[in-house]
Each structure stands twice: as C-alpha cells, then as structure tokens.
Amino acid sequence: MRRKDRNLDEVAAFEIIDKCEYAVISCVDDDGSVFSIPISIAREGMSVYIHGAVAGSKARLFKDGKDVEMVCVSYNKVPEHTEAEFEAMKDDGAKLGSRVFTTEYKSAIAKTKVYPVTDDTKKIKALRLLCEKYTPGYMSAFETAAMHGLKATSIYEFKIQSLSAKAKIL
C-alpha cells in the first residue's frame, strides 16, 4: 500500500466488509480475461458467502480453490464545505486537492479462495446470514423461502487468505 498513513487494521477491514452494501468480486476466466461482478455478501469469521443461480458464469468459474479478489467499500463521499471554508482554501492548490477535489472513503480488499457449498445445512446458514443482512425485517418467512429456493440456489464460500484496508476521512 502506497499511503501507509491510510492503512487500517484487520478489525476495521472486517467492519468495512460487514457494512458494505455490495462487493465486487473478480477472477481470471478460463480464457484469460477478467471476470468481475457486483454481488451481495455476508461474512462470518474468515469466510464470505454469496448466492447465485445453479448455472451461469459464477457456477462455471467458482470451482474449488479458485483465486478471487473481493473489493468492499463501506463509505464513499465527496466532502462538502461551507462557503467560508471554500473561500479560505480556493487559492491554495494543495488544500483544494486534498480537501475539496477529493473523495473520502473506507475500502477493503480480500484475497480469497472460493469453494462451492454443497451441504444443505451450511447453505441454509449462509442464506440466513445474507438475509439477516439484507432483509432483516422479513426473517419470519425465511424458512419458507429458503426451503423453496434451496435446490435452485448455489452458495459459494470465499475463504479469506489475506486482507488489506484503507480509509481517507477528512
């Protein structure tokens, strides 16, 4: 990481993963091209889970132990300033670049290995994690939905091998 002053510890990295609205996962396809997709995620321990269809690119690519990188952003905002603050900085190129024409953010990158989840009990657990994160107000119907979709849903576990995170907050 070039900017060591923006480096965050593992606890902060996990917090970013847990709070991100979605992640982007990327890997190299069989023909050598890059495959990337935004996806809903949920984490438990050193594992991140996603769901998908039983056919398609994820099903074709996410074989046992494939290397996949996951990028998570939990905060991204262009800073706003009062007119007085802006006036005080408008003739200072360094301040403009670092405080006005910039973005505040928190991001984490996880290098992972992906494994299809085949055990129904573990699949239900992963689905529960995802639903508790994204649809917590509807958990009273979780069992019905999970049992109905279980056979038509693939679950993948991304085991975190290494993790880095950084932030810029003014």
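Which residue in E7 is the bridge partner of serine 107? I looked this up first in the model, which is a predicted one. I found lysine 166 of E7 as the bridge partner of serine 107.

**Entry: strands E6 and E7.** I then turned to the two strands as a whole. E6 spans residues 104–117 and E7 spans residues 153–168. I noted that they run antiparallel and are joined by 13 bridges.

**Entry: the sheet.** I traced seven strands in an open sheet, ordered E2-E1-E5-E6-E7-E4-E3, with antiparallel pairing. At the edges I recorded E2 (34–39) and E3 (42–44); each has a single partner strand, so one side of each lacks a neighbour in the sheet.

Entry: I located H1 at residues 10–19. This helix lies across E3, E4 (47–53), E5 (66–77), E6 and E7. Relative to E7, I recorded that H1 runs at about 130 degrees.

**Entry: helices H5 and H6.** I looked up H5 (residues 120–134) and H6 (residues 142–149), whose axes come within 11 Å and cross at roughly 130 degrees. The crossing of H5 and H6 is right-handed. On the H5 side, I listed Ile124, Leu127, Arg128 and Cys131 as making the contact; on the H6 side, I listed Phe142, Glu143, Ala146 and Met147. Sorted by class, the contact of H5 with H6 comprises six nonpolar and two charged residues, with no polar ones.

How values were computed:
Residues numbered from 1 in each chain as written. Predicted model: local features only at pLDDT ≥ 70, side-chain atom pairs only at ≥ 80, totals over all residues. Heavy atoms only, no water. Axes fitted to C-alpha atoms, helices over the stretch in contact; angles between N-to-C directions. Helix = DSSP H or I, 4+ residues; strand = E, 2+ residues; numbered from the N terminus. Left-handed = near helix turned anticlockwise from the far one by under 90°. Contact = heavy atoms within 4.5 Å. Nonpolar A, V, L, I, M, F, W, Y, C, P; charged D, E, K, R; others polar. Pairing = 2+ DSSP bridges.
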